[in-house]
Amino acid sequence: MSDETPKDDQTPAEQPAVEAQGAEEAVIEEAVIEEADAIVEEAAEEIVEEAIVEEIVAEAIVEEAIVEELVAEGVDEAVAEEIAIEAVEEAVAEELADEAPVTPRVKPAIPGMDLEVDIVAEGQDPLARGEGEDGDDAAADEDETLDEPIVAAIELAADARYRATGKRKTAVARVTLKPGTGVYTINGRTFDDAFPRETLRKNIRQPLETVGYEERMDVVAHLHGGGVSAQAGALRHGISRALLEADPNLRGELKRRGFLTRDARAKERKKAGLKKARKRPQFSKR
C-alpha cells in the first residue's frame with residue numbers, strides 16, 4: 001500500500017485559497033455585466049438624443065421653408081414665422097395622435113351584450129324616410145290634424161236627400177242621407193243587428209263623426225253581396241260619397257283621411273292545377 005495521495009485531492013490548507021479565487025471571479029463577472037449594461041444604456045440614450053435632434057432639425061427646416069415661401073409671397077417675416085410655428089405644431093400633434101396606441105376591444109362575457117338595441121317601434125318607418133330634425137313633430141302634428149273634425153256646411157232641409165253608392169270586394173251599398181237624429185237602417189234592420197261587431201260599427205260611423213253630423217243625419221242603406229266586413233267597408237264608402245254630394249268642398253279633407261278611396265283589395269282567384277291562388281300540391285319525388 002503506497003503513501004502517495006491523488007493529484008485531484010486537495011489538502012485542507014489549499015481549500016480556502018480556491019474559494020477566495022472563485023469569489024474574485026464572481027465579483028469580476030458582476031462588474032463586467034454592470035459595465036456592459038451601462039454601455040447599453042448610454043448607447044440607447046445617445047440614439048434617442050440623436051432622434052430628437054433630427055426631429056428638431058427637421059422641424060426647423062420645415063419652418064424655414066414655410067417662412068421663405070410666405071416671405072416670397074409678400075407676407076411680413078414676423079407673421080410668416082408665427083404661421084410656420086403653428087403649422088409645425090399642428091403637424092406634430094397629428095403625428096402624435098396617429099401614433100397613440102389603440103385600445104383593443106374587450107371581449108364581452110356574454111356574446112352581443114355590448115351591442116345596441118335597434119328595434120323599431122310599431123308605427124315608425126325603419127328607414128326614417130322623409131324625416132328631418134322635426135320629423136317626429138311633423139308626424140304628430142299630422143295625426144292631430146287628422147283627428148280634428150271637419151267644418152262642413154250642409155243644408156239640412158226637411159226634404160233633403162243625398163244618395164251615393166259604395167263598394168268593397170263584391171259588396172255594394174246604396175246609401176241615402178237625410179236629416180234625422182243619427183239612426184242607421186240597414187236593409188230594414190237596426191244598426192246593431194246588421195253589424196254585431198263594435199269595430200265594424202266604429203268604422204262605419206267615422207265619416208259622419210268627422211264632419212260633426214253623427215247626430216243630425218240618418219242613414220238608410222241597402223246592401224247586397226259580400227260578407228259582413230265587406231258590407232261595412234262598402235257602407236262607409238257610400239256614406240263618404242254621399243257627404244261629398246251634400247258638400248263638394250269636403251273632397252280634400254275626406255280624401256286626405258282615406259274615406260273616398262275605394263278599397264280594391266280582394267282575394268286572388270284560384271289557379272288551375274293549384275290548390276289555391278298560389279299554393280301548390282305537395283311534391284313527391286318517388
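**Notebook: pocket, sheet and salt bridges**

I looked up the largest pocket and found about 340 Å³ of space in it. On a 1 Å grid over the protein atoms alone, a pocket is an open set of points where a 1.4 Å probe fits, with protein on both sides within 12 Å along at least five of seven lines. Its volume is the space filled by probe spheres set on the points, which are joined across faces, edges and corners.

I noted that this is a predicted model, in which local features need pLDDT of at least 70 and side-chain atom pairs count only at pLDDT 80 or more, while totals for chains, interfaces and linings use all residues. Residues are numbered from 1 along each chain as its sequence is written, and side-chain values use heavy atoms, with hydrogens and water left out.

**Lining of the pocket**

I counted 18 lining residues (those with an atom within 4 Å of a point); Arg168, Ala232, Gly233, Arg236 and Asp263 lie nearest the centre of the pocket. Strand S1 (162-168), helix H5 (198-211) and helix H6 (228-246) each supply at least two residues of the lining. Helices (H or I, at least four residues) and strands (E, at least two) are DSSP runs, numbered from the N terminus. H6 gives the largest share, 6 residues.

**Sheet**

I traced an open sheet of 5 strands in the order S1-S2-S5-S3-S4, with mixed pairing. S1 and strand S4 (189-190) are at the edges with a single partner strand each, so one side of each has no neighbour in the sheet. Two strands pair if DSSP finds at least two bridges between them.

S1 and S2 run antiparallel, joined by 7 bridges, and Tyr162 stands opposite Leu177 in S2. The two strands form a hairpin with 2 residues between them, and Lys169 in the turn has a positive phi of about 55°.

Strand S2 (residues 171-179) also pairs with strand S5 (residues 217-224), in the antiparallel sense over 8 bridges. Within this pair, Arg174 has His222 as its bridge partner, and Thr176 has Val220.

**Salt bridges**

I found 9 salt bridges in the structure. The criterion is a side-chain nitrogen of Lys or Arg within 4 Å of a carboxyl oxygen of Asp or Glu. Which residue forms a salt bridge with Arg201? The partner is Glu198, with the closest N and O atoms 2.5 Å apart. Both residues lie in helix H5, 3 residues apart, about one turn of the helix. Side chains of opposite charge can pair when their charged atoms come close.
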